[in-house]
Amino acid sequence: TVFQILTLEGWSTIMYGLLDTTHPVSQLYFVALIIFGSFFLLNLLVVVLSTNYTKFREKYMLGLTQERKEPLHEVAKQAEERRKQEELKQKMELNQAIRKTEMRLMYSWECRHNEDGYDVITKKE
């Protein structure tokens, strides 16, 4: 019945029933209980529950975001590694092409450097 009085649901019927059986001073009990209990303690209870719920929700959401960030972080790492491997592969292919061209030029020079007119531009007269 005290909880029923604190929630202000049907408290008046309880008060009138008590007034019929006891002294009219018992009204002070109801007034004090309603003022102190209903407006102070019940609101305090609501604030504590609300605060704890908010903290729990933040922890839960933080946990979810951490769980979501970890796989995304792994995906980003893998993508970066693939990009670096592709870049390295392209550099190696470019270096290989440059070496092939150098070898062709060296072979061509060795085969033809004694021919007339091959070094026309580089020969000094």
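**A tour along helix H3**

Begin by selecting Arg 83 and Glu 87, which both lie in helix H3, four residues apart, about one turn of the helix; helices here are DSSP runs (H or I, at least four residues), numbered from the N terminus. This is a predicted model in which local features need pLDDT of at least 70 and side-chain atom pairs count only at pLDDT 80 or more, while totals for chains, interfaces and linings use all residues. Residues are numbered from 1 along each chain as its sequence is written, and side-chain values use heavy atoms, with hydrogens and water left out.

Arg 83 forms a salt bridge with Glu 87, the closest N and O atoms being 3.0 Å apart; the term requires a side-chain nitrogen of Lys or Arg within 4 Å of a carboxyl oxygen of Asp or Glu.

Next, select Ile 5, Leu 6, Met 15, Leu 19, Phe 30, Leu 33 and Ile 34, which make up the largest nonpolar core, that is, buried Ala, Val, Leu, Ile, Met, Phe, Trp, Tyr and Cys residues joined through side-chain atoms within 4.5 Å, where buried means under 20% relative accessible area, exposed over 50% and partly exposed in between (1.4 Å probe, protein chains only). Helix H1 (2-6), helix H2 (11-21) and helix H3 (26-112) each supply at least two residues of this core, and H3 gives the most, with three.
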